[in-house]
Amino acid sequence: MRIISGKYGRRRFDVPTNISARPTTDMARESLFNLLNNRIDFEATEALDLFAGTGAVSFELLSRGCPSVTCVEQATVQWKFINKVKSLLGDENLTVIRGDVFKFIGVCDRQFDFIFADPPYEHPRFAEIPELILSSRLVKPGTMVVIEHSKAHDFSKMPQFTEHRNYGKVNFTFFTA
């Protein structure tokens, strides 16, 4: 895993071989953050990374100056990896939660400025995720939500849809609360 830019830019970390996540490709992540650079003041953004996987998006947000990033990951291997990288970086602005994202969405009272979700593409509840997030207490007026997905999903008919971007096999759909 490579952090692309910011204070931790160009740092690399070896991802465990037994990881069950499908990490966002460097190209797609770089393209996403090129877009976000023009839309978000990272230094004033409280961010949430759901289905965090390797934590690559969380670390990119931290690297670019987010004062607070929360990530939620259920799988033990990924959760341990994220904590290891957090420790190596020595960055206390990351809160790592091991747990079920659906339960987290239902109980978290904290609001965020930016929410990124990269569920497993084959998750049986995948199609529900944007609406669950957008109707939760996690969002406030103006919260930007980005869902990573395969071409199998089209969220363009949802009321808070703002944009769709495609980078090879990786798709990002943007919503604004």
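Student: Two strands count as paired if DSSP finds at least two bridges between them. In this model, in what sense do β2 and β3 pair, and over how many bridges?

Tutor: The model is a predicted one. In it, β2 and β3 pair in the parallel sense, over 5 bridges.

Student: Which residue in β3 is the bridge partner of T70?

Tutor: The bridge partner of T70 in β3 is T95.

Student: And the sheet as a whole: what is the strand order?

Tutor: It is an open sheet of 7 strands, ordered β3-β2-β1-β4-β5-β7-β6, and the pairing is mixed. The strands at the edges are β3 and β6 (161-167); each has a single partner strand, so one side of each has no neighbour in the sheet.

Student: Which strands does helix α1 touch?

Tutor: Helix α1 (residues 26-37) packs on the sheet and touches β4 (114-117), β5, β6 and β7 (170-176). Its direction makes about 25° with that of β7.

Student: Which strands does α2 lie across?

Tutor: Helix α2 lies across β1 (46-50), β2, β3 and β4, and runs at about 175° to β2.

Student: Changing topic to α3: how far apart are its end C-alpha atoms?

Tutor: They are 20 Å apart. At 1.5 Å a residue, the 14 residues of α3 (residues 76-89) should span 20 Å, so the two values agree.

Student: Which residues of α3 are buried?

Tutor: Those buried are Q78, F81, I82, V85, K86 and L89. Seen down the axis of α3, the buried residues fall within an arc of 135°, so they line one face of the helix.

Student: What covers them, and which exposed residues does the face turned away carry?

Tutor: The cover over the buried residues of α3 includes α2 (56-63), β2 (68-73) and β3 (94-98). The face turned away from the buried side carries the exposed residues K80 and S87.

Student: One more residue: is E148 buried or exposed?

Tutor: E148, which lies in strand β5 (residues 144-149), has a relative accessible area of 1%. The limit for buried is under 20%, so E148 is buried.

Student: With which side chain does the side chain of E148 make a polar contact?

Tutor: The partner is the side chain of Y121, at 3.1 Å. Beyond its neighbours within four places in sequence, E148 is in contact with several residues, including R22, T24, F116, D118, Y121, F126 and N171.

Note on methods:
Residues are numbered from 1 along each chain as its sequence is written. This is a predicted model: local features need pLDDT of at least 70, side-chain atom pairs count only at pLDDT 80 or more; totals for chains, interfaces and linings use all residues. Side-chain values use heavy atoms; hydrogens and water are left out. Helices (H or I, at least four residues) and strands (E, at least two) are DSSP runs, numbered from the N terminus. The expected span of a helix is 1.5 Å times one less than its number of residues. Buried means under 20% relative accessible area, exposed over 50%, partly exposed in between (1.4 Å probe, protein chains only). The arc is that of the directions from the helix axis to the C-beta atoms. Contact means heavy atoms within 4.5 Å. A polar contact is a pair of N or O atoms within 3.5 Å; within protein, one must be able to donate a hydrogen and the other to accept it, and residues adjacent in sequence count only if both atoms are side-chain atoms. Axes are lines fitted to C-alpha atoms, for helices over the stretch in contact, and angles run from 0 to 180 degrees between N-to-C directions.
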